[in-house]
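Reader: Could you put the model up and walk me through it? I'd like to begin with the aromatic side chains and then move on to other topics.

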Amino acid sequence: MAVRDALLTLLTIGPAYGFQLHGGLETRTGGRRRVNVGQTYATLERLTKQRLIAPAGTTDDGLPLHALTPAGVAAADAWLGGADASGADPWDETVDRVLIALSLPAVDARSIVDGELERWSIRLSEAQAAAEASGAGGNATEAQSAPGAALALQAQPVEVVLRRI
């Protein structure tokens, strides 16, 4: 999971200050994601430059608040809708997306889980087709090294976990 996507998604709740977002990231992922506070603030700076977030005033004690812009809302919705961060591990994206969705009151977590199930079913079908196309059919060693075999092995337990949610 990109810190960028998680911070944008947390801001769907409403304006927040940097350290609040930093703590929310760890809390809402069940401690799975711990990032350096400096990474949180650097990401907030980049998001501001990219016009995905904008200043939204301050707290009573002067902490600067950040809020989503319309482009930021679209980016958060895209991530919740299944757009994985570039280079991210698909399983990590799934787990983080589901955990964060479950923690947000305005998000239909069931639709997020259903979307993840559908994506993993597609990944599994594609991986199985790639393995069959490589001619590795009956040879277990060849089948394990065929294109997509690792993803196919990963996809089966993913479906089992998601169906339990």
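Author: Gladly, and please keep in mind that this is a predicted model. With rings paired if their centres lie within 6.5 Å, the count comes to one aromatic pair.

Reader: Which rings are they, and what is the geometry of the pair?

Author: The pair consists of W91 and W120, whose ring centres are 6.5 Å apart and whose planes meet at 70 degrees; planes over 60 degrees apart count as edge-to-face, so that is the class of this pair.

Reader: Where do W91 and W120 lie?

Author: W91 belongs to helix α5, residues 90-103, whereas W120 belongs to helix α6, residues 109-133, so the pair ties together parts that are 29 residues apart in sequence.

Reader: And is W120 buried or exposed? What about W91?

Author: W120 is buried, its relative accessible area being 0%, while W91, at 25% relative accessibility, counts as partly exposed.

Reader: Which charged end sits over the ring of W120?

Author: That is R123, whose charged end is placed over the ring of W120 at 4.6 Å from its centre. There is also R97, which lies over the face of W79 at 5.0 Å from the ring centre.

Reader: OK, W79 then. Which residues of α4 are buried?

Author: The buried residues of α4 are G72, A75, A76, W79 and L80. Seen down the axis of α4, these buried residues fall within an arc of 135 degrees, so they line one face of the helix.

Reader: What covers the buried residues of α4?

Author: The cover includes α1, strand β3 (64-68), α5 and α6. Just after α4, G82 takes a positive phi of about 115 degrees.

Reader: Switching to the core: how many residues are in the largest nonpolar one?

Author: The largest nonpolar core has 28 residues, and those with the most contacts inside it are L8, L21, L47 and I53. At least two residues of this core come from each of α1 (3-10), α2 (18-28), α3 (37-49), α4 (70-80), α5 and α6, and α1 gives the largest share, with five residues.

Reader: What does L8 touch?

Author: Leaving aside residues up to four places away in sequence, L8 touches L47, L52, I53, L68, G72, A75 and A76. Among these, L47 and I53 are, like L8, listed with the most contacts inside the core, and G72, A75 and A76 are buried residues of α4.

Reader: Now the sheet. What is the strand order?

Author: It is an open sheet of three strands in the order β1-β3-β2, and the pairing is antiparallel. The edge strands, each pairing on one side only, are β1 (16-17) and β2 (53-58).

Reader: How many bridges join β1 to β3, and how many join β2 to β3?

Author: β1 is joined to β3 by two bridges, and β2 is joined to β3 by four bridges.

Reader: Is β3 mostly covered or mostly open?

Author: β3 is mostly covered, since four of its five residues are buried.

Reader: Last one: how many residues lie between β2 and β3?

Author: The two strands form a hairpin with five residues between them, and in the turn G62 has a positive phi of about 90 degrees.

How values were computed. Residues are numbered from 1 along each chain as its sequence is written. This is a predicted model: local features need pLDDT of at least 70, side-chain atom pairs count only at pLDDT 80 or more; totals for chains, interfaces and linings use all residues. Side-chain values use heavy atoms; hydrogens and water are left out. Rings of Phe, Tyr and Trp (its six-membered ring) pair if their centres lie within 6.5 Å; planes under 30 degrees apart count as stacked, over 60 as edge-to-face and the rest as tilted. Buried means under 20% relative accessible area, exposed over 50%, partly exposed in between (1.4 Å probe, protein chains only). A charge sits over a ring if NZ of Lys or CZ of Arg is within 6 Å of the ring centre and within 35 degrees of the ring normal. A nonpolar core is a set of buried Ala, Val, Leu, Ile, Met, Phe, Trp, Tyr and Cys residues joined through side-chain atoms within 4.5 Å. Contact means heavy atoms within 4.5 Å. The arc is that of the directions from the helix axis to the C-beta atoms. Two strands pair if DSSP finds at least two bridges between them.
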